[in-house]
Amino acid sequence: MAFLRSGTATTGGSGGEAARSGLAGATMTLISLALLALAWQAAAWLIDSPLLPGPPEVAAALMRASADFALPRNILITLGRVAASFLVAMVVGAAIGIVLGRSKALDRVFGPWLIVLLNLPALVVIILCYVWFGLTEAAAITAVAVNKIPNVAVTLREGAAALSRELDEMALVYRFGPLRTLRHVVLPQLAPFFAAAARSGLALTWKIVLVVELLGRSNGVGFELQTAFQLFDVATVLAYALAFTLVVQIIELVLLQPLERRAGRWRR
Amino acid sequence: MTGITIDIGEKRFPAVAGAPARLIYRDFRLEVAPFAFVVLLAPSGLGKTTLLNMVAGLDRDFSGTIRFEPAAGAAARPEGPRLAYAFQSPRLLPWRSVLDNVALPLGRDPAAAEKALAMLRQVGLEEQADAYPERLSLGQQRRVALARAFAIDPDVLLMDEPFVSLDEAGAARLRDLLRRLLVARPATVMFVTHDSREAVELGSRIVRLDGAPAQIVADVAVGLSPQQRRAPDAVEALRRQVIG
């Protein structure tokens with residue numbers, strides 16, 4: 001209970017979200033989360049089983065896991081993998097998407113590959129990466145990136161295909177040159193597509209990273225969850241889940257949303 | 001400060017999406033003297049914009065040549081004439097401030113911001129320098145586009161109905177502004193419009209095009225003084241002559 005309260009206060013204050021949606025919105029969020037905690041506590045009382053621990057037990061598990069710094073360390077390790085695979089996926093996916101969006105011929109040849117990759121189950125990619133490249137860090141990051149790349153590529157392809165020809169011509173007449181055209185004309189037009197890809201990308205990436213860790217790594221949140229699973233230690237599972245969700249929320253609020261607002265400043 | 005010789009063997013649009021191929025120009029020749037203000041007057045859809053795009057180098061899919069020659073006594077620039085283009089829509093970068101929009105074509109010139117600000121002062125938009133273009137009215141956006149065109153001190157200025165979809169008073173103010181800017185920074189102008197009164201008010205020469213492929217059907221020198229250009233009957237008399 002205490003943990004949940006402090007969590008929402010942090011997100012509301014640091015993200016500037018409260019300032020935008022108003023104090024009333026933040027209060028409502030707090031009440032809503034408090035209700036959720038109450039419902040959870042009520043369910044735990046009703047069922048009265050170690051398989052559904054209440055908030056106090058989960059808070060205790062959280063303290064236990066944090067005492068030897070295992071929890072923060074594992075979260076940091078997982079975040080590192082998320083960041084690495086996210087970066088690889090964004091760069092490679094954007095490059096593929098922009099090329100396909102600019103060339104109809106290439107899109108006709110390679111577009112269907114994207115559809116196939118897009119529909120390939122994440123688990124298959126993970127297994128293949130581990131089988132082909134071994135249970136290594138590089139294989140883990142590749143597996144996550146490959147899962148995300150077609151997503152980014154499809155989004156950026158849409159953006160590149162919608163680039164304004166009029167502004168292109170303007171840049172040509174006024175001799176912007178390729179670099180200035182990229183910086184002042186092309187990238188700002190792609191910014192909303194980058195933002196959309198990043199937003200859905202982060203959500204997808206961290207979920208897949210946990211699976212990758214569960215299947216072939218010996219640390220990180222995914223590995224800890226598997227250990228707890230084998231011990232039927234539901235309190236620890238929930239403690240890790242809560243802590244990790246909170247960290248992802250904070251990243252969203254202090255990193256992604258301000259970036260998006262900055263990119264959209266010029267809009268009326 | 002550049003004369004333009006346009007010599008088009010053939011320009012056609014290929015058939016697309018059910019529409020048949022169109023022949024736009026065949027054996028078309030037009031010479032524009034240095035510092036002339038040539039108005040191309042023609043109904044919509046005839047290929048005026050296409051002609052400007054060919055001169056601007058945006059459309060190279062034609063047979064023929066377009067030559068730029070420096071005025072007598074002036075040296076040719078190795079990189080070709082400095083060319084400005086005021087498009088039918090302002091074509092400003094919505095994510096860059098008004099000042100940046102005017103300064104960007106100046107490239108790495110260290111005084112770019114200063115020059116751009118001076119240009120904005122001349123078009124009366126100094127106070128909007130830090131605003132984003134979409135916060136301005138259409139008339140103001142067109143002023144910014146004019147400032148951008150003149151900021152590079154162009155040899156050749158191409159204008160494609162730059163005052164269209166403004167009310168008459170607003171268009172008249174912009175025509176006035178254009179005349180003032182040209183006095184300060186003379187350039188060879190090709191100005192496209194379908195408005196014959198605008199043509200007479202602005203041009204030193206009016207070339208009327210018609211038909212498909214487009215042909216020159218009238219080529220009239222306008223000898224009006226600045227005062228006469230503001231007098232409705234003088235403009236009207238010449239307008240009848242051009243259309244006649």
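Helices here are DSSP runs of H or I, at least four residues long, numbered from the N terminus. The model is predicted. With that in hand, start inside chain A.

A:Leu190 sits in helix H9 of chain A. Is A:Leu190 buried or exposed? The cut-off for a buried residue is 20 or more other C-beta atoms within 10 Å of its own. A:Leu190 has 22 such neighbours inside 10 Å, so it counts as buried. Some of its surroundings come from elsewhere in the chain. Once neighbours within four places in sequence are set aside, A:Leu190 is in contact with A:Leu156, A:Gly159 and A:Ala160. Now look back along the chain to A:Pro178. A:Pro178 and A:Leu190 are 12 residues apart in sequence. Their C-alpha atoms are separated by 16 Å.

Chain A also carries annotated spans. An unreviewed UniProt entry lists "transmembrane region" for residues 21–47, 82–101, 113–133 and 237–259 of chain A. Two of these spans can be followed in the model. Residues 113–133 of chain A are 90% helix and 0% strand. The end C-alpha atoms of that span are 22 Å apart. Residues 237–259 of chain A are 100% helix, again with 0% strand. Here the end C-alpha atoms lie 32 Å apart.

Next, see where chain A meets chain B. On chain A, 14 residues take part, and they are in contact with 16 residues of chain B. Which elements of chain A give two or more residues to this side? They are helix H8 (165–173) and helix H9 (177–216). H8(A) supplies the largest share, six residues. By class, the chain A side has nine nonpolar residues, one polar and four charged.

Chain B is divided into two domains. Domain 1 covers 2–82 together with 154–243, and domain 2 covers 93–153. Taken over C-alpha atoms, the centres of the two domains are 24 Å apart. Their contact takes 13 residues from domain 1 and 11 residues from domain 2. On the domain 1 side, helix H5 (residues 168–184) of chain B gives the largest share, five residues. That side divides into nine nonpolar, two polar and two charged residues.

Chain B also contains an open sheet. Six strands form it, in the order E5-E6-E7-E3-E8-E9, and the pairing is mixed. Which strands stand at the edges? They are E5 (83–86) and E9 (215–221) of chain B. Each has a single partner strand, so one side of each is left without a neighbour in the sheet. Direction ignored, neighbouring strands are turned by 15 degrees against each other on average. Look at one pair in detail. Strand E6 (residues 156–160) and strand E7 (residues 188–193) of chain B run parallel and are joined by five bridges. B:Leu157 stands opposite B:Val189 in E7(B).

Finish at helix H1 (residues 48–56) of chain B. How many of its nine residues are buried? Seven are, and the helix is mostly covered. The buried residues are B:Lys48, B:Leu51, B:Leu52, B:Asn53, B:Met54, B:Val55 and B:Ala56. After H1(B) comes B:Gly57. The phi of B:Gly57 is positive, near 85 degrees.

Conventions. Residues numbered from 1 in each chain as written. Chains lettered and ligands numbered in written order. Predicted model: local features only at pLDDT ≥ 70, side-chain atom pairs only at ≥ 80, totals over all residues. Domains from an automatic or database assignment. Contact = placed C-beta atoms within 7 Å. Nonpolar A, V, L, I, M, F, W, Y, C, P; charged D, E, K, R; others polar. Pairing = 2+ DSSP bridges. Axes fitted to C-alpha atoms, helices over the stretch in contact; angles between N-to-C directions. UniProt positions renumbered as here; feature names shortened; annotations may be inferred. Buried ≥ 20, exposed ≤ 12 C-beta atoms within 10 Å, placed from the backbone.
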